[in-house]
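Here is a short tour to read alongside the model on your screen. Have the sequence and the 3D view ready before you start.

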Amino acid sequence: MSFKVHLIGVSGGRPGPEAEDILARVQIVVISRSLIEEGTRIPASGARVHTYGRLEEALAILDEARRRGEEVAFVATGDPLLFGIGGLLRRRFGPEVLEIHPAPSTAQLAFARLRLPWEEFFFVSLHGGPRNFALEDLPGLLRLYGRVCVFTDPGCGPREIGAYLAPRVPEEDLRLVVAERMGLTGERIWEGPASRALGERFATPNLVLLFYDGPGRRHGFGLENEEIAHPRGLITKNEVRAVVLHRLNLPERGIFWDVGAGAGGVSVEAARLRPLLRVFAVERSPERLSFLEENRRRFGLLNLEVVAGEAPEALEGLPSPDRVFVGGSGGRLREILIHLAERGCREVVLTLVSMQHLAEALSLLRKEGFAVEVTQVAIFRGRDLSGHTLLSPENPVFVLRAQRG
């Protein structure tokens, strides 16, 4: 007999109708202890029943069954191919040894109870091992999709989701729905703001539906200076922002620091352009911080985090960046660049207006092993004079891109 795995989904503690015939002919049944504890019952058969607590135990049982050429029934929840064990077993043993017998999933039951079409939602799992997305990605996903369904984990459930989102998303723009123990004893639907979830106790298993109706679902590039709240004259000009963002070549996801962010001209463009990029705007001036906060609210930039403080000290607690922009240094350019080098930063872009700062930055960055490109951006704006168009110059700006392997 050749090795085969029948993945049997259970819903509400009951296997599907095909399960009885399968269990009558297999040699081994594998089921997690948590499913047994939740009340799942396996029809009597002559098969050896193995329970497991850790996934590694289950995989070891399957490896031994493959060696012996035995047929296995692996009991899992709902649809094993929806953020379930099915994907892992397919990668490990190959699709040809699998037969899938799904039952209604927790998500299907939740959406049925709520009478919601699930094609309106983006699905993400925070459960178990390697994940495509993490808790920190939720603000960006809300900006992109507005409706997000989250498969939770005992260590990352509704309370943790609420605690992370409450300070980052305006309460009036976000609603949480928690579907607990769908199809099992104690089934419950809970609804409320993120802040209220912190004081609740939620039974497992559960999933969380997030409803975001705030601004920010538009993303792109090309804001005018007038659209960004800022102190008069104190903003990185449109054309310079365009060059800076081109030089930064921002990744779709990761960490971006804007050091000396001012009112957030570059931060705002970066956060709009890359909704899944975590943008940290560091600024020391209380006035400019207020403009930063206003721009974050105005554009619904849930992935933009405002950091009040002076660099380099304010950079200490931030996650290591994939890209850094230094637009202002407050007279501490050397200290900031040394800190970036010590943190292992590999891609840094700076804007400078004086020859002295240019010389200082070039010398220090090259000493730290960076290859540096220098561009001067010279802007001339047209103005009308007696029916003629004249060009008036703006102050030229040096743009440095520093990279090291």
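Contact here means heavy atoms within 4.5 Å, and axes are lines fitted to C-alpha atoms, for helices over the stretch in contact, with angles from 0 to 180 degrees between N-to-C directions. Helices (H or I, at least four residues) and strands (E, at least two) are DSSP runs, numbered from the N terminus. This is a predicted model, in which local features need pLDDT of at least 70 and side-chain atom pairs count only at pLDDT 80 or more, while totals for chains, interfaces and linings use all residues. Residues are numbered from 1 along each chain as its sequence is written, and side-chain values use heavy atoms, with hydrogens and water left out.

**The sheet and its helices**

- Helix α7 (residues 158-165) lies across β8, β9 and β11, at about 25° to β11.
- Helix α5 (residues 106-114) lies across β7, β8, β9 (174-180), β10 and β11, and runs at about 50° to β11.
- Five strands make an open sheet in the order β7-β8-β11-β9-β10, with mixed pairing; two strands pair if DSSP finds at least two bridges between them.
- At the edges are β7 (122-125) and β10 (188-192), each pairing on one side only.
- From one strand to the next, the twist averages 20°.
- β8 (residues 147-151) and β11 (residues 206-212) are antiparallel partners over five bridges, and F151 stands opposite L207 in β11.

**The nonpolar cores**

- A nonpolar core is a set of buried Ala, Val, Leu, Ile, Met, Phe, Trp, Tyr and Cys residues joined through side-chain atoms within 4.5 Å, where buried means under 20% relative accessible area (1.4 Å probe, protein chains only).
- The largest core has 31 residues, of which W257, L340, L365 and L400 touch the most other members.
- Elements supplying at least two residues each to this core include β12 (254-259), α13 (355-367) and β20 (397-403).
- A second, separate core of 28 residues includes I228, V244, V266 and L289.

**Around α12**

- The buried residues of α12 are L333, I336, L337, H339, L340 and A341, and they pack against β12, β15, β16 and α13.
- Leaving aside neighbours within four places in sequence, W257 is in contact with H339, L340 and R343, among others.
- Just after α12, G344 takes a positive phi of about 80°.

Technical notes
Buried < 20%, exposed > 50% of the residue type's maximum accessible area, 1.4 Å probe, protein only.
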